[in-house]
Amino acid sequence: MQLNKALIAISLLLSSMQSFAAGPYDGIWIVDPIGYATINENDGVMIVVVVYHEDYGDIWRAYQGVRTDNKARITNITGEGKLVHDIEIKTDMIAEITQVSCIPPPGYECLLPNGYKLTATKVW
C-alpha cells in the first residue's frame with residue numbers, strides 16, 4: 001500500500017515538474033531488482049527519486065547530484081544514514097548504478113554492499 005501511495009506522489013510530482021525538466025535522461029526507470037526511479041534534471045542538477053519494492057523496504061528515497069556528460073554521483077537528501085551512488089548512462093535507455101558507499105543509521109544495515117551494480121532501463 002505504501003508503494004502505491006509513493007508511486008502516485010511521484011507521478012503527481014513529475015506531472016507538475018515536466019515544464020521545468022530539461023535533462024536528456026528525464027523519465028521513469030526500472031531499477032532491477034530494487035524498484036523504480038524517476039530522474040529529473042535542471043541546469044545540470046539531477047534529482048533521482050527511488051521507490052523501493054516491498055522486499056527492499058517498501059520505502060522511497062530522494063537523491064541529488066550533478067551530471068557531467070553521461071555520469072553523475074548522487075547522494076541521498078531524504079532518509080537517515082548516507083548513501084552515495086554513481087550513475088553511468090550507457091545509452092538513452094540503459095544506465096548502470098553503482099553503490100559507492102552506505103553509512104546506515106544506528107540499528108540498521110545497508111540493503112546492498114558497496115560496489116554493487118544495478119541496471120536501470122528507461123520505460124518512459
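Guide: Helices, of at least four residues, and strands, of at least two, are DSSP runs numbered from the N terminus. On that basis the protein chain of this predicted model reads α-β-β-β-β-β-β-β-β along its sequence. The chain therefore has one helix and eight strands.

Visitor: What makes the link of Cys-102 and Cys-110 a disulfide?

Guide: A disulfide requires two cysteine sulfur atoms within 2.5 Å. The sulfur atoms of Cys-102 and Cys-110 are 2.0 Å apart, and the pair therefore qualifies. The structure holds one disulfide.

Visitor: Which handedness does the link of Cys-102 and Cys-110 have?

Guide: The link is left-handed, with -100° about the S-S bond.

Visitor: Why is Cys-102 called buried?

Guide: Buried means under 20% relative accessible area. Cys-102 has 15% relative accessibility, so the residue counts as buried.

Visitor: Why is Cys-110 called partly exposed?

Guide: Partly exposed covers the range between the 20% limit for buried and the 50% limit for exposed. The relative accessible area of Cys-110 is 28%, and therefore this residue is partly exposed. Across the protein chain, buried residues make up 37% of the 124 residues.

Visitor: How do you know that strands S3 and S4 pair?

Guide: Pairing requires at least two bridges found by DSSP. Strand S3 (residues 45–52) and strand S4 (residues 60–68) share seven bridges, so they pair, and they do so in the antiparallel sense. Within this pairing, Val-50 stands opposite Arg-61 in S4.

Visitor: What makes S4 and strand S5 a pair?

Guide: The criterion of at least two bridges applies here as well. S4 and strand S5 (residues 71–76) have six bridges and are therefore paired, in the antiparallel sense. Gly-65 stands opposite Ile-74 in S5. The hairpin of S4 and S5 has two residues between the strands, and Asp-69 takes a positive phi near 55° there.

Visitor: Which residues make the nonpolar surface patch?

Guide: The patch, of about 390 Å², is made by Ile-30, Tyr-36, Val-123 and Trp-124. Val-123 is found in the segment after strand S8 (117–122).

Methods. Residues numbered from 1 in each chain as written. Predicted model: local features only at pLDDT ≥ 70, side-chain atom pairs only at ≥ 80, totals over all residues. Heavy atoms only, no water. Buried < 20%, exposed > 50% of the residue type's maximum accessible area, 1.4 Å probe, protein only. Patch = residues over 30% accessible without salt bridge, like charges linked within 9 Å, V, L, I, M, F, W, Y side chains within 5 Å. Areas by Shrake-Rupley, 256 points an atom, 1.4 Å probe, with all protein chains shown as cover. Salt bridge = Lys/Arg side-chain N within 4 Å of Asp/Glu carboxyl O.
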